[in-house]
Amino acid sequence: MTRRGVVLGGGGVAGIAWETGYLTGLAEAGRSVLDADLFVGTSAGSTVAAQVTSGVLLPELYQRQVDPALQTPELAAVLDGDAITDLFGSAYAGATGKLDARRRVGALALEAPTIPEPERRAVVAARLPKHSWPEAELRIVAVDAHSGEERVFDRTSGVDLVDAVAASCAVPATWPPVTIGERRYIDGGIRSAENADLALGCTRVLVLQVMEIPEPADLDEQVATLRADGARVAVVRPDESAKTALGPNLLDPAVRAPAAKAGYEQGLREAADLAWFWA
């Protein structure tokens, strides 16, 4: 039995735009992947996963990225890939293991001055066309800031969808950790920028990787695990044009339109290559 999974990785507002554009381009070329059985979303990818499973059609979601009149309000910030790599590197330098490293990042996030939680939550809420969990199987990944343990939210978790997405998008030292119950959560990318291993059990897995970060978890290892389980796996990364459009700061709202357009064009070009894989 074929079971398909789409894994949407992190990458800031630029990543949201590129992933949305790419999926739209695939669909326009006749190769939509929204018939997947499972969606795994991390950080920016959690936003895209919640959007594409909301019932709102891809062309409308795409226009929300490229049309300034339809773009949702975003708060400007700086997300530098090298800085993120340095953050992970410093956390791992004195850590006893991956869990301890995530606790160290969590401690940094809890102490860092940021905007208030409600202000950030309003931004995330505005991104989502619907605030209820979809019927589609959707898994959203966050990390407990205190324990360092991952938390995978789904519609059975009893957690508001907006809170789950906000937690997954809570970049340490940039956005505030998100309070859910008595716990506080940070970006799911602290476990892995993609968390592709959560698609284990799928026979086809499409992974959209915006950022290539060797830590905290190597995507190659996760792909190897999926393939060892019998899955066909395709990893898609921004092409050279898209990399230029994304720019050095993935949290810059100004790059949404060019990033989405570059993703759209890339999706159109690559749709035929994915046809055999998704069938």
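Predicted model: local features only at pLDDT ≥ 70, side-chain atom pairs only at ≥ 80, totals over all residues.
Residues are numbered from 1 along each chain as its sequence is written, and side-chain values use heavy atoms, with hydrogens and water left out.

Helices (H or I, at least four residues) and strands (E, at least two) are DSSP runs numbered from the N terminus, and two strands are said to pair if DSSP finds at least two bridges between them. Strand 1 (residues 4-8) runs parallel to strand 2 and is joined to strand 2 by four bridges; Gly 5 stands opposite Leu 38 of strand 2. A residue is buried under 20% relative accessible area, exposed over 50% and partly exposed in between (1.4 Å probe, protein chains only). By this criterion, five of the five residues of strand 2 are buried. Leu 38, Val 40 and Thr 42 are covered on one side of the strand, and Phe 39 and Gly 41 on the other.

The loop between strand 2 (38-42) and helix 2 contains Ser 43. Ser 43 has a phi near 55°, a positive value in a residue other than glycine, and is buried, with a relative accessible area of 9%. Asn 195, in the loop between strand 6 and strand 7 (204-208), likewise has a positive phi of about 55° although Asn 195 is not a glycine. The relative accessibility of Asn 195 is 0%, which counts as buried.

Strand 6 (residues 183-187) is joined to strand 3 (residues 137-144) by three bridges in an antiparallel arrangement, with Tyr 185 as the bridge partner of Asp 144. Strand 6 also pairs with strand 5 (residues 178-180) in the antiparallel sense, over three bridges, and Ile 180 stands opposite Arg 183. Two residues lie between the strands in the hairpin of strand 5 and strand 6, where Gly 181 takes a positive phi near 65°.

In soluble globular proteins, nonpolar side chains tend to be buried together. A nonpolar core is here a set of buried Ala, Val, Leu, Ile, Met, Phe, Trp, Tyr and Cys residues joined through side-chain atoms within 4.5 Å. The largest such core has 62 residues, and Leu 23, Phe 153 and Leu 206 have the most contacts inside it. Helix 10 (residues 256-278) gives the most to this core, with eight residues. A second, separate core of 15 residues includes Val 40, Cys 202, Val 223 and Leu 226. With contact taken as heavy atoms within 4.5 Å, and residues up to four places away in sequence not counted, Phe 153 touches residues including Trp 133, Ile 140, Ile 180 and Tyr 185.

A cavity is a set of points, on a 1 Å grid over the protein atoms alone, where a 1.4 Å probe fits but cannot get out; lining residues have an atom within 4 Å of a point. Among the lining residues are Val 13, Gln 51, Arg 64 and Glu 74.

Note on methods
1 Å grid on protein atoms, 1.4 Å probe; cavity = no way out; pocket = protein on both sides within 12 Å on 5 of 7 lines; lining within 4 Å.
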